[in-house]
Amino acid sequence: RELRVMIFSLIGALVSLLWSVVIFIVTFFIFGVFFTDGALAYAVENGACLPGEGSSAATPDCANLGRYYSSLLGTMASLYWAVSGGEDWGNVMEPLYVLSGSTFNVYVAVFYGFITFSIFAM
């Protein structure tokens, strides 16, 4: 009887864990789409900056942008690394400064919001 109670308790906890993982994946997906779209739009505007083209003429900004934000899965992985401590979030955020030419960079502001939300949610 006690073993059955423990097993049902673990199963109930696993259901909650599963939903928490789903919420994190959806969050990483939503923010990943936003950052990947911005990075690819910047790459298209600056022809030498396209990811996957082995462009030797690419600037260091383009190289860092391609490292973290060249694909949706890569962006989601970068966001996970930033939140979990696998990569310093400042390093992941730094390439976003080139995406907006104005004084207020919406990508950096959204990244700060993502980090704050993710840390409070964990």
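The model is predicted. The protein has five helices and zero strands. Read from the N terminus, its elements run α-α-α-α-α. Of its 122 residues, 30% count as buried.

**Overall picture**

- Some contacts join residues with a separation of 6 or more, and 60% of these link residues 24 or more positions apart.

**Where H1 meets H5**

- Helix H1 covers residues 2-45, and helix H5 covers residues 106-121.
- The axes of H1 and H5 come within 11 Å and cross at roughly 170°.
- An angle over 145 degrees counts as roughly antiparallel, so H1 is roughly antiparallel to H5.
- On the H1 side, the contact is made by Phe24, Thr27, Phe28, Phe31, Phe34, Phe35 and Gly38.
- On the H5 side, it is made by Tyr107, Val110, Phe111, Phe114, Phe117, Ser118 and Ala121.
- By type, the residues of this contact divide into 11 nonpolar, three polar and no charged.

- Threonine 27 lies in helix H1.
- Is threonine 27 buried or exposed? Its relative accessible area is 10%. Buried means under 20%, so threonine 27 is buried.
- Setting aside neighbours within four places in sequence, threonine 27 is in contact with Phe114 and Phe117. Both Phe114 and Phe117 belong to the H5 side of the H1 contact.

**Helix H5**

- H5 has 16 residues, which at 1.5 Å a residue should span 22 Å. The end C-alpha atoms of H5 are 22 Å apart, so the two values agree.
- Which residues of H5 are buried? They are Tyr107, Val108, Phe111, Phe114, Ile115 and Ser118.
- An α-helix has 3.6 residues a turn, so residues three or four places apart point the same way.

**Helix H3**

- Helix H3 covers residues 72-84 and has 13 residues.
- From first C-alpha to last, H3 reaches 18 Å, close to the 18 Å expected at 1.5 Å a residue.
- The buried residues in H3 are Thr75, Met76, Ser78, Leu79, Ala82 and Val83.
- Why do they count as being on the same side of H3? They cover an arc of only 160° around the axis, which puts them there.
- Just after H3, glycine 85 takes a positive phi of about 95°.

Notes:
Residues numbered from 1 in each chain as written. Predicted model: local features only at pLDDT ≥ 70, side-chain atom pairs only at ≥ 80, totals over all residues. Heavy atoms only, no water. Axes fitted to C-alpha atoms, helices over the stretch in contact; angles between N-to-C directions. Helix = DSSP H or I, 4+ residues; strand = E, 2+ residues; numbered from the N terminus. Parallel < 35°, antiparallel > 145°, perpendicular 65-115°, else oblique. Contact = heavy atoms within 4.5 Å. Nonpolar A, V, L, I, M, F, W, Y, C, P; charged D, E, K, R; others polar. Expected span 1.5 Å × (residues − 1). Buried < 20%, exposed > 50% of the residue type's maximum accessible area, 1.4 Å probe, protein only. Arc of directions from axis to C-beta.
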